[in-house]
Amino acid sequence: MTRTRSRITPEEALQFHLEPTPGKLEIAATVPMTTQRDLSLAYSPGVAVPCEAIHQHPETAYDYTTKGNLVAVISNGTAVLGLGNLGALASKPVMEGKAVLFKRFADVNSIDIELDTEDVERFIDAVKLMEPTFGGINLEDIKAPECFIIEQRLKEEMEIPVFHDDQHGTAVICAAGLINALHLNGKDIADCKIVLNGAGAAGIACIELLKRMGAKHENCIVCDTKGVIYQGRTDGMNQWKSAHAVKTDLRTLEQAMVDADVFLGVSVKGAVTAKMVESMGPDPVIFAMANPDPEITPEEAHEIREDAIVATGRSDYPNQVNNVLGFPYLFRGALDIHARAINDEMKIACAEALAALAREDVPDEVAIAYGKTLTFGRDYIIPTPFDPRLIHRIPPAVARAGMDTGAARRPIIDMDAYELSLKSRMDPTASILRGIAARARRAQARMIFAEGDDPRVLRAAVTYQRNGYGEAIVVGREADVKAKLEAAGMGDAVGELTVTNAAITKHLDTYKDFLYRRLQRKGYDQIDIHRLAARDRHVFSALLLAHGVGDGLVTGATRKSAHVLELINHVFDANTQTGAAGVTALLHKGRIVLIADTLVHEWPDENDLANIAERAASVARDLGLEPRVAFVSFSTFGYPVSERAEKMHIAPRVLEKRGVDFEFEGEMTVDVALNMDAARHFPFSRLTGPANILVVPARHSASISVKLMQEMAGATVIGPILSGIDTPIQICSTGSTVNDIMNMALLAACKVG
């Protein structure tokens with residue numbers, strides 16, 4: 001099986017952290033801060049009231065401050081990723097990254113803290129002193145054995161959860177996968193011979209958790225760089241390794257692997273050989289978790305043992321042991337019960353809930369995102385990180401375990417209501433964009449980028465190709481492309497892109513003949529045709545697409561979208577007569593709303609509006625949304641009466657006659673369409689929830705709406721998405737960023753619309 005791996009260059013990584021602002025985090029106020037009264041409540045004198053309340057009843061800090069949803073990600077930089085001891089300052093990008101993962105996956109606010117000390121006591125003292133600030137502590141990238149001492153002391157001396165993710169995060173996901181692997185093989189963990197290679201923080205935590213889950217001490221063989229850890233060994237030992245020493249004559253990993261049921265690797269690439277795998281017992285389980293390259297690849301393992309179940313730490317193989325499945329949800333559950341600690345029972349509950357989730361049917365949106373049906377089995381024993389059920393399934397399991405073991409300060413009374421609140425707090429737009437990216441990677445579309453004279457377009461093209469989405473074909477002059485990429489610090493990318501233009505193609509005459517046949521009865525002569533095909537990059541790019549040179553086209557970053565659409569129509573039929581429409585997606589505060597038509601129809605009639613609604617519904621479904629269409633106006637269900645609103649009143653009747661399979665209603669004002677409190681005044685409405693598609697009266701009102709939301713509310717705008725033509729073409733706006741252009745390329749690759 002061919003696997004496409006994305007390539008990330010140093011320049012791209014630095015650019016990502018530099019723009020739009022340095023770093024990956026910001027702090028935003030959750031309360032109004034506009035009037036003098038707001039300021040008085042937020043600070044002096046109003047703030048004195050909660051201060052006094054907390055002084056009298058310290059537990060109310062969880063009610064009046066952010067403590068209950070705030071985690072510190074703390075490191076001293078002594079074991080940064082696989083890079084070693086880079087120091088506190090150089091660890092900051094990793095800790096910021098961990099903080100944004102907390103927010104993205106579990107809506108946990110997080111602040112990174114880098115402590116510039118390798119002294120264990122000073123580190124412990126510094127963290128202890130911050131206990132009033134945080135609801136939990138996530139330790140990260142601290143070298144062994146100091147990490148064991150630090151975590152143990154802090155757990156003993158602090159009254160909030162302290163969790164070293166490098167140890168326990170890996171252990172929890174490993175345990176979840178092993179539960180299901182043994183379930184498939186019909187084995188009991190108590191009877192299994194388990195071999196662990198790598199006796200660092202993660203390895204020790206893995207074996208300790210498995211022993212808590214029923215693995216027998218005498219059946220667990222732990223190895224490090226010096227071989228088996230056996231009773232009586234003195235070389236390279238410490239108290240944490242000694243706890244797992246067994247009485248055995250085995251001395252090497254190769255000897256230990258004979259008849260083993262389970263191999264756990266948190267060591268180095270190539271540590272496991274074909275001979276070792278061959279010597280394992282029947283139906284072996286191999287978790288080769290070394291990163292970035294596993295101890296043995298799944299291909300190598302399966303070539304020797306077809307009966308093996310294999311997991312790695314890599315996202316491009318099945319069964320990824322990914323910590324992001326654990327730590328956000330462990331802390332979410334712990335914070336929500338105001339826990340004193342994250343204990344073993346809570347970790348085991350997390351592992352068991354993850355395992356149970358993988359055994360259930362996978363939602364359609366996950367299958368769409370990954371481009372394949374995922375079914376519990378040897379290649380799917382661990383849920384995917386983007387399974388939307390994780391947020392409302394894992395934290396409740398953790399919370400229940402915390403309550404059952406006395407770790408909760410404030411137990412959750414109504415667990416059903418808690419699960420419902422978890423479902424509603426996550427931003428659905430992130431998973432939609434992730435799904436589009438995953439589908440694009442599987443499509444491997446050859447993408448034509450029409451405007452190779454623009455640095456934004458060139459950077460987007462390079463990013464598209466290096467991220468493994470497919471081949472990027474740039475229309476431009478090679479010398480110009482090279483100069484602009486070099487100016488952007490990406491000179492090495494010139495040789496990676498396919499650069500073409502009318503002057504170097506061998507097929508210009510073919511393209512001109514095609515164009516002449518389309519335009520000869522529309523007032524264009526041979527000279528006009530030559531100018532269009534040879535000198536206009538938008539037309540030339542469309543001709544490339546029409547003749548199969550690429551699978552999709554992105555253009556519009558340098559010219560007005562209406563003008564670009566006019567040029568595209570020389571080659572393709574994307575107009576009002578053929579039913580094309582422009583649909584713009586607005587992403588704002590966890591909501592996604594589509595507005596149409598934003599590109600093609602200047603003043604649509606009721607039949608056009610019905611067509612636009614159908615096109616927008618198609619786009620919505622391509623994005624994983626169930627369409628709910630509102631025909632919006634300044635009137636609601638006939639009042640006030642206006643000739644201008646009449647077509648919006650009639651358009652729903654057109655859809656009724658067509659018998660469409662999605663919800664629609666109108667005409668109505670925007671607040672009735674989007675706000676369920678306003679909609680309750682009209683109980684006869686056919687919409688069962690807030691509309692996610694707004695069909696507007698005209699293109700000018702669509703443009704005003706989109707730009708107002710973008711400028712005043714800071715909404716993210718994707719589009720206009722061109723829908724209703726057979727070939728994937730997407731037209732950017734002139735103000736597009738590199739990321740915007742990339743999004744449009746991904747939509748084209750997925751054939752959205």
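How many bridges join β8 to β9, and in which sense do the two strands run? Four bridges join them, and the strands run parallel. Helices and strands here are DSSP runs, of H or I over at least four residues for helices and of E over at least two for strands, numbered from the N terminus. Two strands are said to pair if DSSP finds at least two bridges between them.

Colleagues, a word on the basis of these values. This is a predicted model, in which local features need pLDDT of at least 70 and side-chain atom pairs count only at pLDDT 80 or more, whereas totals for chains, interfaces and linings use all residues. Residues are numbered from 1 along each chain as its sequence is written, and side-chain values use heavy atoms, with hydrogens and water left out.

I begin with the sheet that contains β8 and β9. Six strands form an open sheet in the order β7-β6-β5-β8-β9-β10, and the pairing is mixed. At its edges are β7 (227–228) and β10 (309–312), each of which pairs on one side only. Strand β5, residues 194–197, pairs with strand β6, residues 220–224, in the parallel sense over four bridges. Within that pair, Leu196 has Val222 of β6 as its bridge partner.

Buried denotes a relative accessible area under 20%, exposed over 50%, and partly exposed the range in between, with a 1.4 Å probe and protein chains only.

Helix α8, residues 165–185, lies across β8 (262–265), β9 (285–288) and β10, and runs at about 160° to β9. Helix α9, residues 201–212, packs on the sheet and touches β5, β6 and β8, its direction making about 160° with that of β5. Contact here means heavy atoms within 4.5 Å. Axes are lines fitted to C-alpha atoms, for helices over the stretch in contact, and angles run from 0 to 180 degrees between N-to-C directions.

I turn to the other sheet. Here four strands form an open sheet in the order β2-β1-β3-β4, with parallel pairing. Its edge strands, β2 (109–114) and β4 (162–164), each pair on one side only. From one strand to the next, the twist averages 25°. Strand β1 (residues 70–75) and strand β3 (residues 136–139) pair in the parallel sense over four bridges, and Val71 has Gly136 of β3 as its bridge partner. Helix α7, residues 146–157, packs on this sheet, touching β3 and β4, and its direction makes about 165° with that of β4.

Next, the helix pairs. Two packed helices are described by the angle between their axes and the distance between the axes.

Helix α26 (residues 606–622) packs against helix α27 (residues 646–658) at an angle of about 60°, with the axes 8 Å apart. That angle makes α26 oblique to α27; angles under 35 degrees count as roughly parallel, over 145 as roughly antiparallel, 65 to 115 as roughly perpendicular, and the rest as oblique. The crossing of α26 past α27 is right-handed. A crossing is right-handed if the near helix is turned clockwise from the far one by less than a right angle, and left-handed if anticlockwise. On the α26 side the contact includes Leu609 and Ala613, and on the α27 side Ile650 and Val654. The contact residues divide into eight nonpolar, two polar and four charged. In this classification Ala, Val, Leu, Ile, Met, Phe, Trp, Tyr, Cys and Pro are nonpolar, Asp, Glu, Lys and Arg are charged, and the others, Gly among them, are polar.

Helix α15 (residues 344–358) and α17 pack at about 145°, with axes 8 Å apart, and α15 passes α17 in a right-handed crossing. Among the residues that meet are Met346 and Cys350 in α15, and Ile394 and Val398 in α17. This contact comprises 11 nonpolar, one polar and two charged residues.

Helix α14 (residues 327–336) and α18 pack at about 130°, with axes 13 Å apart, and the two are therefore oblique to each other. Arg332, Gly333 and Asp336 in α14 meet Tyr418, Leu422 and Arg425 in α18. By class, there are two nonpolar, one polar and three charged residues.

Finally, Pro411 lies in the loop between α17 (390–404) and α18 (415–425). Pro411 is partly exposed, at a relative accessible area of 44%.
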